[in-house]
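Here are my notes for your first look at this model. Please read them with the structure open.

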Amino acid sequence: MALINCPECGRLISDKATKCPGCGLPASFFKQVAASNEPQVSGTMPSGGKYVIDKQNVISNGQIKVSIRNALITFEQDYRDLFSPNEYIDSRRADLFRHGYIPFLEPVPRDNGQQSILSYALENAIDEHHLNQFVSKMTTLDHDIEQHNDRYIEWRLSEYKEYFDHILDDIDSNIKLDEEQRRAVITDDNHCLLVAGAGAGKTTTMAAKVKYLVEKQQVNPKDIVVISYTNKAINELKERINKRLNIPVMIATFHAFAFDIVKKTADISPEVNFQSYSIIHQILSKTIFDNKALMRNLVLFLGYYFDLPEDAFKFKTLNEYHQFRAAADYETIKSSIGEYISHVAHKRQKQIKTITGEYLRSIQEVQIANYLYLNSIEYEYEKCYEHDIPKSRKKYTPDFYITQGELSAYIEHFGLNQNMQSDIYSPQQLMTYQKSISDKRRIHKYFNTTLIETWSFYHDRRPLLDHLREELTARGFVLHPRPYEEVYRKLVDTSNDKYIVKLIFFMMNFIEQYKTSGFDDEGFAFLRTRTDNVRNLLFLDIAEAVYMFYQSALKERNQIDFADMINDANALMSDMKQQGLTMSYRYIIIDEFQDIARQRFNLTKKLSEISQAKVIAVGDDWQSIYAFAGSDINLFTRFLELMGSGKEMKITHTYRNSQELIDIAGQFVQKNSLQIRRKLISPKSLKDPIKLINYDDSFQANDHLANAVLEALGRIVKEYGPDQSVLLIGRYGFDIDRLVNNKYFSLINQNELKCWKYPQIKLNGMTAHAAKGLGYDQVIILNMLESRFGFPCQIEDDPIIKMVTVEDRNIPFAEERRLFYVALTRTKNRVYIMAPLHRPSRFLVELIEDYNLPHSPEMNLSIVNLFKNKCPKCGFPLKYEFNKNYGLPLYICSNEVEICDFMTNNLTFMRDIYKCPACPDGYMIVKQNRETKQGFYGCTNFYNDEKPCNNTVTFD
């Protein structure tokens, strides 16, 4: 007897063994066939199961007949061993067999069917019957393997029926596996993807799989590892498998499993770092003063690019541009470090108002303001023009008034290119814009004031600030750059909450995603090749320096963070693979695989390759909702393709939701063609599983929302009684806060609420993300608004973060669609949706239109814009802000002022304010008669004690 290495798993085994005790490879694959008379073949012949053959060399030397003769000698025995009736043929064994014999099948001509095979056999002195059998079996191999495995599963289902009927009695005697679950337990391929729908019992299936492997397949529990994502899931699996089934398999999170590998190989076990914030804060607020290059980059980034996304000026529709303009509200460095203070008279309240913040409406205007500040040029934003302009209805307020000694100038920044063109505006709007520019030029020429013009886009494609520098120096302004250290110290000392803290959290998020995506130290160089955007490149320089400092700090402290737990384990297993070392695992079972990130996938694949373990990935791509944490849904939907080969199975029977609800939710989520197609089946039936309860969201929305929730609870009590568990689902944590800040509801602890009208109801509130995996008697969805903070969430990730994350762009709001599916399927009975009348979510409108859900006739079914108050002149959103030049809080059109300068103090009458013709400094604003409620114009100087103005004008 001799010891040999198993050609499949590499274990040392006896050459007399009937099969490998590790991987089950049949003995016929152990045999080594001498190949001294066939030097063109390297490795082992087909009976060895693995070899490399140079077909061209074989054919050219006329030796193919010798090879086929040898192959036919071993083929029948190998074929019988492969198709052993008591074994499942997994993809690895099938591939070994296929790759071992395909080279001998390919030269056999089959264009004329049986006649070609007969002629080939006669020409090469090969037994016709054996050759015919070889060709026939190899041609139908894949089909025959599939049929064999089906018969094997059917045999096991019958043989172990009683066993499966009671397999989980130790957990709960009422749990009975359905046929899909039993097939999933029996199937024994190398890579299995188990797609389990919401409420389909994937946890029980995993527990049954572990028990079956140990009790029926005689797998040592030490050779099985079960991995999941959260401690909550891990504790549930441990309760079922380790405790109730009494099977001591390893059950751990990805991080804990990886950390265990790292600790076993380290001379001194590293500590876990929980203080990434403090390390990054140290470099950004202290150590940076010793790194002048990094400080310079940071000042430039904070001053010119922090709030400037890569696609800030790329709009697909005019509506996108509207929303961008209305949302823009940026603060300058001058304001952030406390150097901006303005005193203005509040004309209506007869008081002096101090404005300590300077907020600009355009990102490029912020760049200009910061450039002026950083180069020691005094400026005032939107200061009234120094000359009165006859017949003008409003004050002329150029974007910037700048001074340096006796020099002064005005800067007007125009949102057009140098040719005064733009694709955003209509021809009429563009004509209005161009006329306004000409008028401003005439004004400055007439009064002999200096005007500097800047544009959003330049022909030479050089940055805006390069042109600004040239314009300033050409007019005699001298640039005196402020020391970067001085500026940065002020930012650190006075604006931690505005700049530094925000930057620290942004940097922490980037570094974590960078690592989670699998990038190493050289990843920054690679990312630079994928972008030519100035902002991205500048940030990558900053992030690389911070990353290197952070990694060095961890190393000095002998610490490891969560992302590096997995990356370091990956690196260790790569070394093991190169050295030919193995690990003892035979089965790797991974829960919630739809949330897999690239680094975790790499860890799984390497572990499988090293140990030759079989991988069972369990999850539901319809519930993939963690892209923001690095997950990549493609790793789930393309699992078999990426792993090599295997079997995809589906558990389609759900026991939580009614058939009616799961039909709606399933069709809704499958509008994304990327999702794996299937139809879930439920034994439960419930008419009208989704109920809408309308509320008025136009004013006092929180109170109306609370009343709507009370109505939902009342319906639940009436139909099901008070002994119900009800889950309140919000898109964000503050959605629950909106409800509890009300006299009807109180927060008992972190998630538990109490309704004083229905105190017996068990009421919990959480976000849709937190609710994943849970089931309640009833569900109430709170936030179904169409807004940036609605459902779907319409907040875009920063383009910098997008460089290191994967986004599903197959359909708009793809991940939000999956998240809404999660929210809908948490209920065992009904879902009550709080439906706003004026701004219902596009998801809600879609459900109403697709499934004819009963709703109020007053509901606005048009997909509304994010900003409901629109300018009556141009349609742009209105922004509400205190205007220092008018001393009034006003609703101001967010359009370019050159196109539309509408502003009003009253939304009811929507009338544009204008200069009072009866006094020198008053303005005609909207007022309302207290008795008749009729609106009219009245002068702002009506209550002026020194120069009262009683001018009024009735509306047309």
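1. Start with the ring cluster. Ring pairs join F301, F506, F510, Y514, F519, F524, F526, F539 and Y547 into a cluster. Rings of Phe, Tyr and Trp (its six-membered ring) pair if their centres lie within 6.5 Å; planes under 30 degrees apart count as stacked, over 60 as edge-to-face and the rest as tilted.

2. A word on the basis. This is a predicted model, where local features need pLDDT of at least 70, side-chain atom pairs count only at pLDDT 80 or more, and totals for chains, interfaces and linings use all residues. Residues are numbered from 1 along each chain as its sequence is written, and side-chain values use heavy atoms, with hydrogens and water left out.

3. The structure holds 59 aromatic pairs. In one of them, the ring centres of Y385 and Y396 are 5.2 Å apart and the planes meet at 50°, so the pair is tilted. Y385 and Y396 both lie in the loop between β13 (378-381) and β14 (400-404), eleven residues apart. Helices (H or I, at least four residues) and strands (E, at least two) are DSSP runs, numbered from the N terminus.

4. Are these two tyrosines buried or exposed? Y385 is buried, at 7% relative accessible area. Y396 is buried too, at 12%. Buried means under 20% relative accessible area, exposed over 50%, partly exposed in between (1.4 Å probe, protein chains only).

5. F791 and F820 pair edge-to-face, with 5.3 Å between centres and 75° between planes. F791 lies in the loop between β26 (778-781) and α31 (799-802), and F820 in helix α32 (residues 814-824), so the pair ties together parts 29 residues apart in sequence. Both F791 and F820 are buried.

6. Two arginines sit over rings. The charged end of R678 is over the ring of W622, 4.0 Å from its centre. R817 lies over the face of F668, 4.3 Å from the ring centre. The test: NZ of Lys or CZ of Arg within 6 Å of the ring centre and within 35 degrees of the ring normal.

7. T652 belongs to the loop between β20 (647-651) and α27 (659-669). T652 is buried, at 10% relative accessible area. Which side chain does the side chain of T652 meet in a polar contact? That of E180, at 2.7 Å. A polar contact is a pair of N or O atoms within 3.5 Å; within protein, one must be able to donate a hydrogen and the other to accept it, and residues adjacent in sequence count only if both atoms are side-chain atoms.
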